[in-house]
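Please consider the structure shown below together with its sequence.

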Number of protein chains: 6
Amino acid sequence: MTDRYPLPDLNTLPDDLRTKILEVQEKAGFVPNVFLALARRPAEWRAFFAYHDALMDPESVGRSSPLTKGDREMIVTTTSAANQCLYCVVAHGALLRIYEKKPLVADQVAVNWRKADITPRQRAMLDFAMKVCERSHEIDDADFAALAAHGFTDEDAWDIGAITAFFGLSNRMASFTGMQPNAEFYLMGRVPKQK
Amino acid sequence: MTDRYPLPDLNTLPDDLRTKILEVQEKAGFVPNVFLALARRPAEWRAFFAYHDALMDPESVGRSSPLTKGDREMIVTTTSAANQCLYCVVAHGALLRIYEKKPLVADQVAVNWRKADITPRQRAMLDFAMKVCERSHEIDDADFAALAAHGFTDEDAWDIGAITAFFGLSNRMASFTGMQPNAEFYLMGRVPKQK
Amino acid sequence: MTDRYPLPDLNTLPDDLRTKILEVQEKAGFVPNVFLALARRPAEWRAFFAYHDALMDPESVGRSSPLTKGDREMIVTTTSAANQCLYCVVAHGALLRIYEKKPLVADQVAVNWRKADITPRQRAMLDFAMKVCERSHEIDDADFAALAAHGFTDEDAWDIGAITAFFGLSNRMASFTGMQPNAEFYLMGRVPKQK
Amino acid sequence: MTDRYPLPDLNTLPDDLRTKILEVQEKAGFVPNVFLALARRPAEWRAFFAYHDALMDPESVGRSSPLTKGDREMIVTTTSAANQCLYCVVAHGALLRIYEKKPLVADQVAVNWRKADITPRQRAMLDFAMKVCERSHEIDDADFAALAAHGFTDEDAWDIGAITAFFGLSNRMASFTGMQPNAEFYLMGRVPKQK
Amino acid sequence: MTDRYPLPDLNTLPDDLRTKILEVQEKAGFVPNVFLALARRPAEWRAFFAYHDALMDPESVGRSSPLTKGDREMIVTTTSAANQCLYCVVAHGALLRIYEKKPLVADQVAVNWRKADITPRQRAMLDFAMKVCERSHEIDDADFAALAAHGFTDEDAWDIGAITAFFGLSNRMASFTGMQPNAEFYLMGRVPKQK
Amino acid sequence: MTDRYPLPDLNTLPDDLRTKILEVQEKAGFVPNVFLALARRPAEWRAFFAYHDALMDPESVGRSSPLTKGDREMIVTTTSAANQCLYCVVAHGALLRIYEKKPLVADQVAVNWRKADITPRQRAMLDFAMKVCERSHEIDDADFAALAAHGFTDEDAWDIGAITAFFGLSNRMASFTGMQPNAEFYLMGRVPKQK
């Protein structure tokens, strides 16, 4: 696809975006393309990452949650595979491998989450997420009961559903704009650290 | 469905939320339920409405766009019908009727946008939106060319795609949480104003 | 879509059609377009309305049924929304609002019948109807048992299934011929009567 | 499936039904089950067969049409296969073989009409019919143009669409009521007549 | 479709193919087209028929199985109908009629296997087969349990799944190459043998 | 899923299987699970790998083909992702990376082949393969013409279609039997060789 939305030069961006992006670069060693791709519209960028952080890093907004970082990235990777979003499967699959310390799990949930090597609790979490992703209009009490059987409260269900819904947005943005994952993501978390 | 996520009392909300909600109430005559339903998580609320405003009221963030308010609400209503989201079809259908000054158009696009009484330009806009909604992974150059044939630039395509993606998020939130539209919305814009 | 099948002049129609149409006009205040659209083929018109009346007004053929007029129009509106038929959703949604005396219910079942404010018995009725509409080849004993749990006999199941099947015919006719609902239908039953 | 709707005794039926059914029996050598299955509701029976005859035997209502009897039964068989209706595929497949004098054609269109040994004109006819059957809400001017390229007028399009719509009704009735085709139909038209 | 892959002359084929094909001709009275159609690639031909025989005639490879020849052909016919493969529905439907000694059963399972006149055990067998055919990635323990309730072991499940998978291959080959069933198959097993 | 089909001990297998498996182990450094999983049925194993080799290594059966090893593995990986088969996506994705010498390409085609970094010729090849995979009954002359525009002959089309069909079989076998990819495959071809 034609490159319709070229990445902006970091130096042309508003200060708050540039500062945040440089922090990410400092931490990750590179700038994930989503930070630049969305930056051409600073107001949308700010809302997107504020939403992202509220859902993916609840402590940053003063909320705690029993979902681990690995759980959250597992929802994202599975949702993104269902939506066939290359950027998000590759980028969040990398984070999933790292947080779960399982080099194989991202490929497993991306290809067929029903057969992945995950816990029954995570399986129930993905059942709910995938129904929100594909048939949210059919969600009913039985879906919450299935979550509750694994200890998930309605508050946790909100987390699962909201992460799925937010990345449905992210997936569509990445796909129609032709966003490409950075090459670095493909390998992250695959090779166990040497001591 | 059980009422799992009861609306919070306005007086328990953070000041910035309460202020904004009172402004909306002042203007609309009632508080649309989405403002209260999402308010139980203030950080997500702030991001949601910041994103909403950046897309639906670009002037508020210093950007202009050839899409009219009616165009935008038409995308929202059509997307929400595709996602079978009751809240958004009813609430945004009301706004669509008002902005377009066409009492019949919301029901038309909600039931079958292909046969609605809209312009060829709006039809092309909805073609693109519906593909982002349902098959964003298949969007390609031909889809942008079809928009361009009606004068839409790549920047306008971003608007159409982003509105569709954002309301895909909104639709999923409203559906899985069981959000109900206020009764007022159902009738708004249907009866021509008397002089 | 091009207007391929223009409505015939009432005066050119056979006497029996004209008489019946004038009666409808007398009662409703206008002639619903379906009466004229199908009238260009009088033999089909007669069969269509005979079938319609046998199903929607069983007393007219000497049969009683526990399904109310509201129940019947609810099946029609939901079926027509599933088939994305503008004419039938708008026209029968109006009748549904009037018979049920619920100004919001038609929009609710049209957008997502699973979340409409209806009785559990009506929900079971629509479950059966939607399966006949979309997957009639999969109907089995369990579907009749689910109806029976709400007091519906096999005779009632015939009513539900036949109404769904008949309006599947009606929906396809209206859609491929480009039939448009009269503007009057959009507002009927929405505004409570003033005393 | 349980036999919920047993066939009524011919002698218990109203005179007009019995007379017509005896005529059919005289001509065919047996009573096709649809005549008895629907007879338990005489008013619906009368409307059903009046509609059937108006569409399948237009001369009987004073109308002529370029569609042959074989064309009509081909539409019915293909529609019924798409709706997975056993009764109609078997019964109308028999008529199709007989009218077209092609012992193989019914199985061909039932399994995959796209690869059947039929004329390009019949292929265009089935393209239109299948779109009415499965996606009538998407029919547009291009579909009529594709018919016109093979000499079909808008009046012929009405025939094709109405036959498809009517048998969509018939298919749903037969499937949910568990109607079984008479054994005789399976073999009719398969063995060339001996001289 | 253009005849892209004409059947080769029997005399141009390698000896082992020709010998086997002549044996089939001797037994059946004609050469089923699949034997010639695939023969243009002898190595693939040998693998295809070796696989076929291992699954459809397990005794030939020294294995016994509780699935009868009729059971096996029933799986093939149902799978092939789901894949809309004309060749295999017609050819294997013939064998199904013969092995089951039921002239109607092939048309029944091809149109709608859920309503065919088969045993509950065969119905369970087809439930499993159809899930392997259409959603093999969703097969889980419950599917094997449903088979076990009818006496099928995991070894039998392998048979059912493997036959379905193999004919999914066969169906795709026949469809994309435009393979046509021999006219003889259409009538085989339909007329009870005269004494 | 329960481990229903445990891998057999290599020493219990027939000589020809053991010899071939040891050769594979010698070359790859490990035994890919498919070789053991299918070995519990030696006759099927022999046919499966004979078919595999005839399609994936045509030189081994005395045939040449313009499709490269990378092309072939790209078809397999894309087909397997469409069928959500974990084993084949991971195992053949590894081979694809190696043959194409592109560490990112397997994840790209597995998530969304339409946006992968491949040649237009490979894109056309996958268009055809995916239609054979998902809608083989709709393949027509236009599909062959689209291939021809990129230099693919009808013979090459056979290769593409047959590989897709064969791995549709393989995918279903792997999925319903619960076959797991060896851990080694996940990383192969991802890290450029050091000198």
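A search of the whole structure, which is a predicted model, finds zero disulfides over all chains, a disulfide being a pair of cysteine sulfur atoms within 2.5 Å. Residues are numbered from 1 along each chain as its sequence is written, while chains are lettered from A and ligands numbered from 1 in the order in which they are written. Local features need pLDDT of at least 70 and side-chain atom pairs count only at pLDDT 80 or more, whereas totals for chains, interfaces and linings use all residues; side-chain values use heavy atoms, with hydrogens and water left out.

In chain F, Cys85(F) takes part in no disulfide, and the nearest cysteine sulfur, that of Cys88(F), is 3.5 Å away. Cys85(F) counts as buried, at 1% relative accessibility.

Attention now turns to a histidine of chain E. His92(E) is found in helix α5 of chain E, which covers residues 86-100; helices (H or I, at least four residues) and strands (E, at least two) are DSSP runs, numbered from the N terminus. With a relative accessible area of 9%, His92(E) is buried. What is His92(E) in contact with, leaving aside its neighbours within four places in sequence? The residues are His52(E), Glu73(E), Val76(E), Thr77(E) and Phe167(E), where contact means heavy atoms within 4.5 Å.

The interface of chain B and chain A comes next. Here 45 residues of chain B are in contact with 45 residues of chain A. The area buried between these chains is about 4300 Å², and carbon and sulfur atoms give 61% of it; buried area is the accessible area (1.4 Å probe) that two parts lose on being put together, summed over both. The rule finds 12 salt bridges across this interface, a salt bridge being a side-chain nitrogen of Lys or Arg within 4 Å of a carboxyl oxygen of Asp or Glu. One of them joins Glu44(A) to Arg63(B), with the closest N and O atoms 3.7 Å apart. On the side of chain B that touches chain A, the elements giving two or more residues are α3 (42-56), α7 (120-135), α8 (141-148) and α9 (154-177) of chain B. Of these, α9(B) gives the most, with 16 residues. By class, this side of chain B divides into 25 nonpolar, nine polar and 11 charged residues. Ala, Val, Leu, Ile, Met, Phe, Trp, Tyr, Cys and Pro count as nonpolar, Asp, Glu, Lys and Arg as charged, and the others, Gly among them, as polar.

The contact takes 45 residues from chain D and 45 residues from chain C, and about 4300 Å² is buried between the two chains, 61% of it on carbon and sulfur atoms. Across this interface there are 12 salt bridges, including one between Glu155(C) and Arg40(D), whose closest N and O atoms are 3.0 Å apart.

Terms used
Buried means under 20% relative accessible area, exposed over 50%, partly exposed in between (1.4 Å probe, protein chains only).
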